[in-house]
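Please view the sequence and the structure first.

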Amino acid sequence: MPRSTTAPPAPHGGPGARTTGPATQPAHQASFDDLGRPLAETTFVVVDTETTGGAPAEGGITEIGAVKVRGGEVLGEFQTLVRPPSSIPPFVQLLTGITDAMVASAPTAAQVLPSFLEFARGAVLVAHNAPYDTGFLAGACARAQLSWPRFEVVDTVVLARHLVGPDEARDRKLATLARLFGARTTPEHRALADARATVDVLHALLGRLGNRGVQTLEDLQTFAARVPAARRAKKHLALGLPSAPGVYQFRDGSGRVLYVGTSVDVRRRVASYFTASETRPRMTEMVRAAAAVVPVVCATPLEARVRELRLIAEHEPPYNRRSKRPDAVTWVKLTTDAWPRLSLVRRVRDDTAAGAQYLGPFRSARTAELAVAALHEALPLRQCTRRIPRAPRADGPGACALADLGRCGAPCLGAERGGQDAASYGELVERARAALRTDPAGADAAEALRAGTERMGRLAAQERYEEAAVQRERLDAYLRTAARAQRRAPLQGTAELVAARRSRPDPGWPTGGWELVLVRWGRLAGTTLTPRGADPLPHVEALRATGEAVERPEPGRTAATAEETDAVLDWLEQPGTRLVTVEGADESPWACPVRGAGWARERVRGGTGGGGAGAAADGRGAGSGTTLAP
């Protein structure tokens, strides 16, 4: 059976160890220990295995030896022979001295591994040529149907390659390094002896790292991964940052914001940019230019998300790829010409009273063009860009090719010359306006859906699948944006909404009684977390009194970016959210049409008609109750 001995923890000391001082320090006193786990306080389990050879997946382990150390002191040892699933090859028996007879009565890997995993639980594994030993251990776990924990691993071979020069040792074998460092145990191809020798090698290597600024486990992993020294030197930027959820901004020497991000632990997340865990070349370049990090502590995840969006939109950091320039979007507009048409524009003007209608925003001009193509399939509005007088002249230019194809009524000709008259064209315009509107009364886009799906069916029946796919892409571009607009419109038209949800134990975020959210005209105006057990209603009133004052936006404008409103809606639509108060809603408060664009999109995509515009698309909102219990 496995032999495991455990010694009581000893004071920190020994090779490679350092004294960290009192266990408890003032919270405001920043040190490099704040940036990670000090090596002197890290528990290592140095492990070695003897095997039958072959592939790790075969799990041919014949012996496991391990030593648990912390702060240079041995805490315990683990050793056992293991009966492998196959016989030991003769040359392996000669190398290790372990014979088939020795392991005949030994426990199997399935019997041994639970004890070893318990011995190593919560520790960092160390091995010489670690992929070999961990590969066999993981393979044996798989054969035994045991879960192999995601251990953090330190490989002494990798460290030795960085720290031992060719003038000191001809190779990096364990026996060579043990002689170099004067290990107390000589490696002999037996698991426990080799593990003991590896402990001495590990301590000697850690001792060489003392003057290289490697003080924590994260530093050690970064050093082993050969993170550039210039990047490691920037770890001081994380000193003094709050270990709390929020937003962080990397800034250069002139104060320009380089990058904005969010985290449940700002200090730990920022510190990770200077370690081996950060592998993105773009971030390496950003860290090289960074001179400071500015944190913003947030009470809730929603506040952090919205603050991140606003900061990115405000500063347009060069190293953020998403959420920059929220105004760089495209809208589909029904123009106010005498003979209106669909046009792509960059911003919404205050001309809805004059007959203009908008749909958007679209995230790209190409998507907007696809949506316009889908609408033109159902509504043969004119597509030419020339100005047509209200009464076309008899000697005016002739019709374009689209009229010959039956895709335009040629209002440019006038009724006298066989073109479309104002009354029939006006009907088309009203249908187009209804398709672009986002109010529940006229946004189901039945014409576009019917015409598009019929054309898709005809093309598919003719085995013209590529053309059918193009048609489907056009419809999806239109319906997807229409669904988003329908989803946002009720909230953007509500003067004030207060909602609450029981605080959930999200990792890293403070827990309390209720998360409260104040929204005005679709913009997050305030959020707070009530103390556990406290009456939330006084906090609701305080939030309403101190929340951001948001003016009602002008017609065609919004109080917040579409992305911010979407973030708020994502929070509101989660199960368990309760509406507390709703005031000044333009239409029915926070509701979407049951058969709106989201429903239509699900039909086009082959769905069952479920709400494709989020939880509110099928007419549901948050819970209807307004009673909040402490």
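Predicted model: local features only at pLDDT ≥ 70, side-chain atom pairs only at ≥ 80, totals over all residues.

Residues are numbered from 1 along each chain as its sequence is written, and side-chain values use heavy atoms, with hydrogens and water left out.

**Confidence**
- The average pLDDT (the predictor's confidence in each residue, from 0 to 100) is 79 for the chain, and 77% of the residues score at least 70.
- Residues 7–34 stay under 50 in pLDDT, and the model has 42 contacts (heavy atoms within 4.5 Å) for them beyond four places in sequence.
- Residues 439–445 also stay under 50, with 14 contacts beyond four places in sequence.

**Sheet E8-E7-E9**
- Helices (H or I, at least four residues) and strands (E, at least two) are DSSP runs, numbered from the N terminus; two strands pair if DSSP finds at least two bridges between them.
- An open sheet is formed by three strands in the order E8-E7-E9, with antiparallel pairing.
- Strand E8 (257–263) and strand E9 (292–297) each have a single partner strand, so one side of each lacks a neighbour in the sheet.
- Neighbouring strands here are turned by 20 degrees against each other on average, direction ignored; axes are lines fitted to C-alpha atoms, for helices over the stretch in contact, and angles run from 0 to 180 degrees between N-to-C directions.
- Six bridges link strand E7 (residues 246–251) with E9 in the antiparallel sense, and Arg251 stands opposite Ala292 in E9.
- Helix H11 (residues 281–289) packs on this sheet and touches E7 and E8, its direction making about 115 degrees with that of E8.

**Sheet E11-E10-E12**
- Three strands in the order E11-E10-E12 form an open sheet with antiparallel pairing.
- Strand E11 (342–345) and strand E12 (357–362) are the edge strands, each pairing on one side only.
- From one strand to the next, the twist averages 20 degrees.
- Strand E10 (residues 330–334) runs antiparallel to E11 and is joined to E11 by four bridges; Leu334 stands opposite Leu342 in E11.
- Helix H13 (residues 365–378) packs on the sheet, touching E10, E11 and E12, and its direction makes about 170 degrees with that of E11.
- Helix H15 (residues 422–436) also packs there, touching E10, E11 and E12, at about 150 degrees to the direction of E10.

**Second largest pocket**
- On a 1 Å grid over the protein atoms alone, a pocket is an open set of points where a 1.4 Å probe fits, with protein on both sides within 12 Å along at least five of seven lines; lining residues have an atom within 4 Å of a point.
- The second largest pocket has 23 lining residues, of which Asp48, Thr49, Glu50, His189 and Asp194 lie nearest its centre.
- Strand E2 (43–51), helix H1 (90–96), helix H4 (130–143) and helix H6 (174–181) each supply at least two residues of this lining.
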